Amino acid sequence: MAKYPLKDQCVLITGANRGIGAAIARAAAERGARVVLGVRDLNDPTSQQVLSHIQQRGESAELIELNMGSRAQIEEFVKRWASRETPHVIVHNAGVLTGGLIESQSVDEIYQSLQVNLVGVAHLTRELLPGMLRRGSGCVVVNSSVSGVMNFPLASTYSAAKTGVLALANCVRAETQGTGVRVLSLLTPGVKTRMFDEIPKRYGAHLDLDFLEVAITPEEWAERICEAIESGAEELHPQGATRAGLWMARHLPGVFQKLVSSKFSRSAK
Ligand SMILES: NC(=O)c1ccc[n+]([C@@H]2O[C@H](COP(=O)([O-])OP(=O)(O)OC[C@H]3O[C@@H](n4cnc5c(N)ncnc54)[C@H](OP(=O)(O)O)[C@@H]3O)[C@@H](O)[C@H]2O)c1
C-alpha cells in the first residue's frame, strides 16, 4: 500500500508534451491522478496526443500553457492558473540540453539553459509552495540528472543547472521539514528521448562516449518516479553501471574527474 497514493491528487507536470514528462503524465493518470499537462504550445500535435491518450482511457487530464522560458511567461501562468489552484504534486520536468566547449556555446543557449533548467524551477516553486504549506501536504519533484553529480567536460552549463537544482531541492527539503511538504530529486540517467539522441551531436566530437549505458525507456523511468512519489522517497537513483559512476563522483570525486578527463580531447575528432 502506497504511503502517499497519487489517486485523486492534482499533478502538474512541466514539459508534459513529450519524452519523460509525457510518460510521467500517462503513468500518474493511470494511478488515478488528475494530471495538468504544462506545455509550451497547446496546439502542438504532441500536446494534443498526450491529452487524448489519457482522456480516451477515461482518465483525467487538462492542458495548460506553461512556458518556463522567461520570468514574464511564468508570471503570466501564475496569474492565469496558479493563483486559483495549488497542485498536490509539481513535477519540474521541462528541460533543455546545452553543451560543447564553453567558449563555443551561444550566449542565448546559456541563458535559456539556466532559465528553464534552474531559474524557472526556483520561481515556480516559490509561487506554488505557499499553497502546499497552507494545505499541510504536497510534493515538489525536480528532474535533475546524473550530470548534476557527474560533472563531465562539455556539459558545463547543463551540469551547472542540474547541480543547482539539486541544491535547490536540498534547501527546500530542509526548509519544509515537518510541514507535510516533501521534496524528491530525480537523478535521471540516460532515457531514450529526443534529448538523449542529441548527446552525440553535442558532445561526441570531443568526448569518448563509450561509457554511456543503453538508455532506459521513458515509461520505465516514469514508473519508478511514480513509485518514488508514492513512497515518500527523497532521491531517485539509476541502476546498473550509472549508479556506480554516481557513487564514484560523490565519494571519490578526484578519481571520477581523472577518469572523465581521460575521455576528453580539446581538439575535435
Ligand atoms: N533523456 C535523458 O537522458 C535525460 C537524462 C537526465 C535528465 N533528463 C531531464 O529530464 C527532463 C525531460 O527531458 P526529456 O529527456 O524528456 O527531453 P525531451 O524529450 O527533449 O523533452 C523536453 C521537454 O521540455 C520541454 N521544454 C523545453 N523548453 C521548455 C520551455 N521553455 N518551457 C516549457 N517546456 C519546455 C519540451 O517542450 P517542447 O516540445 O515545447 O520543446 C519537452 O516537453 C529534462 O529536465 C532533462 O534535463 C533527461
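**Helix packing and selected residues**

Modeller: In this predicted model, helix α3 (residues 71-82) packs with helix α4 (residues 107-135) at an angle of about 25 degrees, and their axes are 10 Å apart.

Colleague: Are α3 and α4 roughly parallel or roughly antiparallel to each other?

Modeller: The angle between α3 and α4 is about 25 degrees, and angles under 35 degrees count as roughly parallel. The crossing in which α3 passes α4 is right-handed. The two helices, α3 and α4, are therefore roughly parallel.

Colleague: How do the residues of the contact of α3 with α4 divide into nonpolar, polar and charged?

Modeller: From α3, the contact involves Arg-71, Ile-74, Val-78 and Ala-82, which meet Gly-120, His-123, Leu-124, Glu-127 and Leu-128 of α4. Sorted by type, the residues of this contact are five nonpolar, two polar and two charged.

Colleague: Within what arc do the buried residues of α3 fall, seen down its axis?

Modeller: The buried residues of α3 are Ile-74, Phe-77 and Ala-82, and they line one face of the helix, so that, seen down the axis of α3, they fall within an arc of 65 degrees. On the other side of α3, Ala-72, Lys-79 and Arg-80 are exposed, whereas the cover over the buried residues of α3 includes α4. The arc asked for is 65 degrees.

Colleague: Is Leu-37 buried or exposed?

Modeller: Leu-37 belongs to strand β2 (residues 34-39), and, leaving aside neighbours within four places in sequence, its contacts include Ile-13, Ala-25, Val-50, Leu-51 and Ile-64. A residue counts as buried if 20 or more other C-beta atoms lie within 10 Å of its own. Leu-37 has 25 other C-beta atoms within 10 Å, and is therefore buried.

Colleague: What positive phi does Asp-8 have, although it is not a glycine?

Modeller: Most residues other than glycine have a negative phi. Asp-8 lies in the segment before β1 (10-14) and is exposed, with 11 other C-beta atoms within 10 Å. Although Asp-8 is not a glycine, its phi is positive, at about 65 degrees.

Colleague: Does Leu-154, which also has a positive phi, count as buried or exposed?

Modeller: Leu-154 lies in the loop between β5 (138-143) and α5 (156-175), and its phi is about 85 degrees although it is not a glycine. Because Leu-154 has 23 C-beta neighbours inside 10 Å, it counts as buried.

Terms used: Residues are numbered from 1 along each chain as its sequence is written. This is a predicted model: local features need pLDDT of at least 70, side-chain atom pairs count only at pLDDT 80 or more; totals for chains, interfaces and linings use all residues. Axes are lines fitted to C-alpha atoms, for helices over the stretch in contact, and angles run from 0 to 180 degrees between N-to-C directions. Helices (H or I, at least four residues) and strands (E, at least two) are DSSP runs, numbered from the N terminus. Angles under 35 degrees count as roughly parallel, over 145 as roughly antiparallel, 65 to 115 as roughly perpendicular and the rest as oblique. A crossing is left-handed if the near helix is turned anticlockwise from the far one by less than a right angle, and right-handed if clockwise. Two residues are in contact if their C-beta atoms, placed from the backbone, lie within 7 Å. Ala, Val, Leu, Ile, Met, Phe, Trp, Tyr, Cys and Pro count as nonpolar, Asp, Glu, Lys and Arg as charged, and the others, Gly among them, as polar. A residue is buried if 20 or more other C-beta atoms lie within 10 Å of its own, exposed if 12 or fewer, and partly exposed in between; C-beta atoms are placed from the backbone. The arc is that of the directions from the helix axis to the C-beta atoms.
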